[in-house]
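Let's explore a protein model together, one question at a time. Have a look at the sequence and the 3D view first.

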Number of protein chains: 2
Amino acid sequence: MKLGRLNHIGVATPSIEESIAYYRDVMGATKIREPFDLEEQGVKVCFVDTPGDPTESGPSFGTQIELIEPLSDASPIAGFLAKNPAGGQHHLCYEVEDIEEARSWFEEKGKRILGPTRIGAHGTPIFFLHPKDMMGQLTEIMETPKETTHWSN
Amino acid sequence: MKLGRLNHIGVATPSIEESIAYYRDVMGATKIREPFDLEEQGVKVCFVDTPGDPTESGPSFGTQIELIEPLSDASPIAGFLAKNPAGGQHHLCYEVEDIEEARSWFEEKGKRILGPTRIGAHGTPIFFLHPKDMMGQLTEIMETPKETTHWSN
């Protein structure tokens with residue numbers, strides 16, 4: 001398997017509204033997308049774009065920040081926020097060309113995969129790997145979107 | 001202040017040697033740079049490149065992973081590793097065009113800056129901001145390198 005783009009950094013937050021104000025007013029972000037519910041995963045999500053290659057003037061391909069707010073106390077990130085009330089870095093997400101190939105790759109290496117492959121926030125298949133097998137990092141693997149139009153909407 | 005590139009994700013590790021093997025053999029990274037000591041900050045550092053814009057075939061401008069290993073028990077990351085023995089996500093680093101302007105910007109917003117502006121791992125001025133003022137994230141601000149040749153060496 002070949003390492004793909006670092007698609008996004010997952011950042012847990014007690015309030016996406018507050019985080020949006022923070023990224024806009026403190027960090028100077030200019031491209032913040034519409035928040036949406038990802039019911040299946042028990043979270044509300046919002047992507048903040050960061051600039052990509054400085055030599056490019058087209059659509060941004062910089063690593064995104066994925067803000068994640070729990071939809072309820074049963075959300076998988078409720079526990080993380082209980083330990084980190086202000087929020088914080090939650091996971092890293094790398095792209096791969098073929099999700100099934102990647103799944104087999106990590107299985108063969110004895111890495112614990114958390115649940116089935118499912119559709120993630122970018123509409124492509126994803127799975128998560130156990131942080132204890134990934135040098136302390138909760139790691140998401142996502143298939144690279146086949147079209148790039150999702151970046152410019 | 002305008003948000004710049006997400007230059008790198010700082011990842012603490014008990015062993016850069018072990019982390020290099022992990023990124024190469026498990027994550028499929030193909031561009032891992034030479035580790036070096038950053039004595040002033042009490043750490044050994046190694047950058048792992050991730051691919052940039054998929055439409056570009058030139059040098060990578062993807063967000064880097066900065067592996068950080070303590071040089072001694074007095075290292076500023078020794079405490080982090082005591083709490084997270086396997087290592088884990090430690091900080092985010094954003095670029096800005098002008099480090100002095102950025103410092104004033106955050107000062108005006110009442111954000112706690114940790115120590116003086118100094119030269120960071122990319123050879124440009126940097127400073128750190130307190131995670132409690134930055135929605136739980138230890139945040140590094142670095143001035144964008146004036147030349148891009150550092151990416152292709």
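Q: How many salt bridges does a search of the whole structure find over all chains?
A: Keep in mind that this is a predicted model. A salt bridge needs a side-chain nitrogen of Lys or Arg within 4 Å of a carboxyl oxygen of Asp or Glu. Searching the whole structure over all chains with this rule gives a total of 12.

Q: Which residue forms a salt bridge with R33(A), and where does that residue lie?
A: In this pair the closest N and O atoms are 2.7 Å apart. R33(A) sits in the loop between α1 (16–26) and β2 (36–38) of chain A. Its partner is 16 residues apart from R33(A), so the pair links distant parts of the chain. That partner, in the loop between β3 (43–48) and β4 (64–70) of chain A, is D49(A).

Q: How many salt bridges does the rule find across the interface of chain B and chain A?
A: The contact between the chains takes 48 residues from chain B and 48 residues from chain A. There are 10 residue pairs in polar contact across this interface. For salt bridges, however, the count across the interface is 0.

Q: What area is buried between chain B and chain A, and which three residues of chain B supply more of its share than any other three?
A: The buried area is about 4,000 Å², and carbon and sulfur atoms give 65% of it. On the side of chain B, three residues supply 19% of the area buried against chain A. They are M27(B), Q89(B) and M135(B).

Q: What is the volume of the second largest cavity?
A: The whole structure holds 2 cavities of 30 Å³ or more. By class, its lining has 4 nonpolar, 3 polar and 2 charged residues. The volume of this cavity is about 30 Å³.

Definitions and conventions
Residues are numbered from 1 along each chain as its sequence is written. Chains are lettered from A and ligands numbered from 1 in the order in which they are written. This is a predicted model: local features need pLDDT of at least 70, side-chain atom pairs count only at pLDDT 80 or more; totals for chains, interfaces and linings use all residues. Side-chain values use heavy atoms; hydrogens and water are left out. Contact means heavy atoms within 4.5 Å. Buried area is the accessible area (1.4 Å probe) that two parts lose on being put together, summed over both. A polar contact is a pair of N or O atoms within 3.5 Å; within protein, one must be able to donate a hydrogen and the other to accept it, and residues adjacent in sequence count only if both atoms are side-chain atoms. On a 1 Å grid over the protein atoms alone, a cavity is a set of points where a 1.4 Å probe fits but cannot get out, and a pocket is an open set with protein on both sides within 12 Å along at least five of seven lines; lining residues have an atom within 4 Å of a point. Grid points are joined across faces, edges and corners, and a volume is the space filled by probe spheres set on the points. Ala, Val, Leu, Ile, Met, Phe, Trp, Tyr, Cys and Pro count as nonpolar, Asp, Glu, Lys and Arg as charged, and the others, Gly among them, as polar. Helices (H or I, at least four residues) and strands (E, at least two) are DSSP runs, numbered from the N terminus.
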